[in-house]
Amino acid sequence: MALKIGELLIKARLITDAQLAKALEVQRESGGRLGEHLVALEYVTEEDILDCLSQQYGVPSINLKHFDIDESIIRLIPADVARKYQFIPVSKTGATLTVAMTDPSNVFAMDDITFITGYRVEPVVASEEALREAIDKYFGSSHSIELKKVMEDLSTVEEASLEVLEEEDDVDVEDLEAGAEEAPVVRLVNLILTDALKRAASDIHIEPYEKSYRVRFRIDGILYEIMNPPLKFRDAICSRIKILAKLDIAEKRLPQDGRIKLKMKFQGKVKELDFRVSTLPTLHGEKIVMRLLDKDNLMLDMTKLGFEKTSLKYFEEAIFQPYGMVLVTGPTGSGKTNTLYSAISRINSPEVNIMTAEDPVEFQLVGINQVQMKESIGLNFAAALRSFLRQDPNIVLVGEIRDFETAEIAIKAALTGHLVLSTLHTNDAPSTINRLMNMGIEPFLVATSVNLIVAQRLIRRVCEKCKQPEEVPLQALLNVGFAEAEAPNVTLYRGRGCDECNQRGYKGRVGIYEVMVIGEDIRELILSGASSVELRHKAIEEGMISLRHSGLQKIRDGITTIDEVVRESIL
């Protein structure tokens, strides 16, 4: 079949003899389908091959990306058979089942489908990429097969590959504990934790529903469904994770927070990992979210975070000031902690005393005094800050300003010769001023204490291995914020999807930043009670790059796509 495709593409003048020879050579070396190699070498597109196959076999083609398949149709075929022959059922009319496949000449597949379903099979042609995505979407990702193997063969994940650094305490709830220590459950939890590391996930979501149970990973800021464990393991999985995190396995009515510290074998190395664990009672059981804290992913080099040159200059000048306040704002998961850690690493030296109050302490940094908050015993941000001021600090980092008391102490510290770094949850830099005043801080205190505010978001990077130029309508460029004179000259890129990025087209993330310097004119506006809109206009007039324009710069540099910038910023 491979040669037929090659001959057909040559006949259609889509490739040359030399290109076919090169693709066949690559196929002999690495295996796989010829079509995949022709696309990877950028000789043709998936659509070209799809059209040729449709002509060759005399059957219609289908674009699965624009087609929703009914669940009752999907249930007609076992997942392992669909994966074995690379096909998916798409519709049923009477006794005829329409099946999308890459190779309609595969009579063995047709016979098997007829035998399993009892229906007459009518094939249509679909691209390999679309078929892979559809199979993962409707049958679960390939890791559902791994899960099945774990259930059937308990040797899938070696016990030795995962070691708990701190032994858990005994729990006097025999049934829950017994279920949590069963071999399938232990190995399944091990599989989830190790798989999260392999896929470079930042969070693991384990969610119970009335008739299903699912595991999702957040990869580069987007959630992907990874597997659907059997519902009967729900309580045992939850108990196992609670035991590892030293939580109360008998308490199912209240939220709990804990931490799992693990030593894990990965790519021939032993890695130490922290998982921040949060449990929440929902209608059908406890939802568990685990934040993966991997020291190797901590980026402390400020020049690589994504700051524009002028924004980075302003930020560095502010953190080297002897006193005042620097605030980093943004939603959960926008990289605020990484920015703050980068800042204190940059200014850390034997001459200064740096103290941090964090909830939780995500990464341990050498030479910095880090304090973990414990609300249960009264150690909150305000209490820690009061103690810090008796510890002769030069620089103080407050994990988050959540209330008036913390804000008041932090501002007083900034006004009495200390550099204070902290975070807030606001949409952009100018609205941070109004947020502080809404907490009850007087305008004159805000105006005199705050030196600089950084608002940030994280957007996905286009995969470097499979990126290719993309044509976008001129109007789309104008709508996103490019000037009319510039728009025609902007080259956009999009990832085609490859093994390196797991066919997603994106790999890794980069920050977009809005850095607002509090100069004399802006201080006057704050004192006069100006709105955040007025503050924004003044800051832009003085050279502030907004979040949207920071994103546009990333598009110009070929780092990201319009979709990502629009998702995380507004004009």
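How much space lies in the largest cavity? I got about 60 Å³. A cavity is a set of points on a 1 Å grid over the protein atoms alone where a 1.4 Å probe fits but cannot get out, and lining residues have an atom within 4 Å of a point. Volume is the space filled by probe spheres set on the points, which are joined across faces, edges and corners.

Housekeeping: this is a predicted model, where local features need pLDDT of at least 70 and side-chain atom pairs count only at pLDDT 80 or more, while totals for chains, interfaces and linings use all residues. Residues are numbered from 1 along each chain as its sequence is written, and side-chain values use heavy atoms, leaving out hydrogens and water.

I listed the lining of the largest cavity, and Arg259, Lys261, Asp274 and Phe363 are among the residues there. Its lining splits into five charged residues, three nonpolar and one polar (Asp, Glu, Lys and Arg count as charged; Ala, Val, Leu, Ile, Met, Phe, Trp, Tyr, Cys and Pro as nonpolar; the others, Gly among them, as polar).

Next I checked the second largest cavity, at about 40 Å³. Its lining is Lys261, Glu272, Leu273, Asp274, Leu293 and Lys295. By class, I counted four charged, two nonpolar and no polar residues.

Last, I looked up what Met516 touches, skipping residues up to four places away in sequence. My list has Ala429, Pro430, Leu452, Ile453, Ile522, Leu535, Ala539 and Met544. Contact here means heavy atoms within 4.5 Å.

Methods
On a 1 Å grid over the protein atoms alone, a cavity is a set of points where a 1.4 Å probe fits but cannot get out, and a pocket is an open set with protein on both sides within 12 Å along at least five of seven lines; lining residues have an atom within 4 Å of a point.
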